[in-house]
Amino acid sequence: VLVIGIGPGGPDQITVQAIRAIGGADVLFEIDRTDDLVLARREICERHLPPGTSPRVVALAEPRRDRSAAAAAYVSSVDEWRARRADVWEQAIGHELDGDGCGAFLVWGDPSLYDSTIAVLDQVLARGRVRFEYDVVPGVSSLHALTAAHRIPLNRVAGPVLITTGRRLAEAGMPDGVGDVFVMLDGSCAFTAIAPDGIAIYWGAYVGTSEQLLIAGPLAAVADQIERVRGDARARRGWVMDCYLLRRS
Ligand SMILES: C[S@@+](CC[C@H](N)C(=O)[O-])C[C@H]1O[C@@H](n2cnc3c(N)ncnc32)[C@H](O)[C@@H]1O
């Protein structure tokens, strides 16, 4: 099994290694949803599949996740959702791959960053009912697409960087002792909930794609604008994926 990072959405931000890996797979396991992300994955594959290769696509039912869970129950609701995903994937790997067959999971951005594919595969292996080996092919992450788009380094000289979620930022604010905080998975503009003095924000949505939106500046000056632009984009497309770096001056 291959876990292949395919970059943050732009068809040019996929690596040569990933393209080769996709072309060498017998089966592409595709999460069975009809949203733009699935379509974008498909487009990336169609654009880059080496001539003469046509992996079979197997749709995997996606268990519903309870997103209403309160913060305290968040981890257990994710665990439960992963276990149900593991049920589906175990079946699929067992049934769809021959003894030496190769199945691929295409993962948005890089598979190591806020993605559960690796954890779910580990869970399937730990159950011991199907046996397989898996490798991970890295991808361009949204983090690196954002820093490149803004032409900024991620860290400052010998400085630490915290990578966190919007939920955590809203709960805990800017942490002490860290000047650079990269925030993902923020559905509610958590940057509006922190004291903005002395903080700059580098924000981007649909980064790396033709729809890319970028805004940067002192948080106090641009927070409202980002909230408005994000809201408009979401209303227009039905979904928005954004991330940002908060940098103390
Ligand atoms: C489930 S995480 C997956 C991250 C992914 N593995 C990566 O390496 O970027 C989804 C989050 O990644 C960020 N993200 C992914 N693609 C993005 C893009 N093209 N532009 C901005 N943010 C993106 C958003 O914060 C989104 O909420």
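A definition before the sheet: two strands count as paired if DSSP finds at least two bridges between them. Helices (H or I, at least four residues) and strands (E, at least two) are DSSP runs, numbered from the N terminus. What you see is a predicted model, where local features need pLDDT of at least 70 and side-chain atom pairs count only at pLDDT 80 or more, while totals for chains, interfaces and linings use all residues. Residues are numbered from 1 along each chain as its sequence is written, and side-chain values use heavy atoms, with hydrogens and water left out.

The sheet is open, with five strands in the order β3-β2-β4-β1-β5 and parallel pairing. At its edges are β3 (56-60) and β5 (135-137), each pairing on one side only. From one strand to the next the twist averages 30°; axes are lines fitted to C-alpha atoms, for helices over the stretch in contact, and angles run from 0 to 180 degrees between N-to-C directions.

Now β2. It has five parallel bridges to β3, with L28 opposite V57, and three to β4, also parallel, with V27 opposite G103.

Buried means under 20% relative accessible area, with a 1.4 Å probe and protein chains only. V27, F29 and I31 point one way, L28 and E30 the other.

Technical notes:
Buried < 20%, exposed > 50% of the residue type's maximum accessible area, 1.4 Å probe, protein only.
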